[in-house]
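This briefing is for a reader meeting the structure for the first time. Please look over the sequence and the model before reading on.

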Amino acid sequence: MMNIMRLFPVLLLISPLFGTPPSTSYPDEPDAAVRFVANQLAAMNGEVLWDALPESYQADITNLAKRSSEKIDAENYGRTFVLLARIAGLIENKSDFICHTKLGGGLPEESLPEIKRALPLLSTLLRDFSTGAISTHAGLQDFDGRVFFEEFTTGLLRFIEASANLDAASTFSISDLASLEVKVVDQDVNTASLETVLPGSAPEREDYVRVEDRWLPLPFAEMWGAEISKANSSLQAVTAEQVNANKVQAGMILGILEGVMSQIEGADSQESFDRALQGAVIPIMGMLMMGGDSGLGSGNPAAQDAVTAP
């Protein structure tokens, strides 16, 4: 089982944006802090990952959110989340067609029961994200970090837990984090070495460092400044001309996807569903080729890395 604090890079990097004051109940000692995070995650309280960040890190993320919103077209941004909601609805309403499609030879028969159980979980995750705090451009501009983590990260934790439960052979459970044992191996004022053990797992040792009033895994703290600097530089490299070019390209891509979705949503039989899927292949391939060729309209790799949404 992974050391729980290693969830920091994973869950923070897939949710790159945002700000509120940290929780006043956060422990001061490194072992107590790790146990606190583990217990909160076991209880499906994803906002603890925001509380676990130093205030300066929260400010870095909030600043990136605001700067990112300036590089994104508001209309296309909203259309993207509407499209996610439609995909969630498609999974809900066409699950039988999805499971029994004949395209590509069809899905493996032995996997169908698990796929049928997994589809509602995926639909719920997409629907929750598509209606959350950052589902509008205004929400991105005024983002509250703790609210985002409470909504999305908590939903993601529930999805991971429910997905693991689909496999009868799986021994993974986020609730096991409540049993995490933490021992201080070595500690001074600003550094600590901790050993963590989950029931049935081998002990893991990791170094931590105090940043302001928070204890962070040393590798995470060491990479933070460089990654934030890289993200800010990439955003700075995006010009107004590139933003406009991206707006046009993203609008075309969204139009293709919206048309594809309408065809699939209108299917009322397995045959028409498969036909709609098959008819979607060519426009989607064309969309991918268009996106790969034109990028943001500048050929600037840094700019293309910076703007990750329409």
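Why is β2 largely enclosed by the rest of the structure? Five of the seven residues of β2 are buried, so the strand is largely enclosed. The model is a predicted one.

**The chain as a whole**
- The chain holds 13 helices and four strands.
- Of its 310 residues, 45% are buried.
- Counting contacts between residues at least 6 apart in sequence, 70% join residues at least 24 apart.
- The chain has an accessible surface of about 15,300 Å², and carbon and sulfur atoms account for 56% of that surface.

**β2 and its two partners**
- β1 (residues 181-187) pairs with β2 in the antiparallel sense, through six bridges.
- Three residues lie between β1 and β2, and the two strands form a hairpin.
- Valine 182 has threonine 196 in β2 as its bridge partner.
- β2 (residues 191-197) also runs antiparallel to β3 (residues 204-211), and six bridges join the two.

**From β3 to β4**
- β3 pairs with β4 (residues 214-217) over four bridges, again in the antiparallel sense.
- Valine 211 has arginine 214 in β4 as its bridge partner.
- The hairpin of β3 and β4 has two residues between the strands, and glutamate 212 takes a positive phi near 55° there.

**Helix α5**
- α5 (residues 74-93) has 20 residues, and the distance from its first C-alpha to its last is 29 Å, close to the 28 Å expected at 1.5 Å a residue.
- At the N-terminal end, aspartate 73 caps α5, with a side-chain oxygen 3.3 Å from the backbone nitrogen of glutamate 75.
- The buried residues of α5 include Asn76, Tyr77, Thr80, Phe81, Leu83 and Leu84.
- Further along α5, Ala85, Ala88, Gly89, Leu90 and Ile91 are also among the buried residues.
- In an α-helix there are 3.6 residues a turn, so residues three or four places apart point the same way.

Key: Residues are numbered from 1 along each chain as its sequence is written. This is a predicted model: local features need pLDDT of at least 70, side-chain atom pairs count only at pLDDT 80 or more; totals for chains, interfaces and linings use all residues. Side-chain values use heavy atoms; hydrogens and water are left out. Two strands pair if DSSP finds at least two bridges between them. Buried means under 20% relative accessible area, exposed over 50%, partly exposed in between (1.4 Å probe, protein chains only). Contact means heavy atoms within 4.5 Å. Accessible areas come from the Shrake-Rupley method with a 1.4 Å probe; for residues, only the protein chains shown count as cover. The expected span of a helix is 1.5 Å times one less than its number of residues. A polar contact is a pair of N or O atoms within 3.5 Å; within protein, one must be able to donate a hydrogen and the other to accept it, and residues adjacent in sequence count only if both atoms are side-chain atoms.
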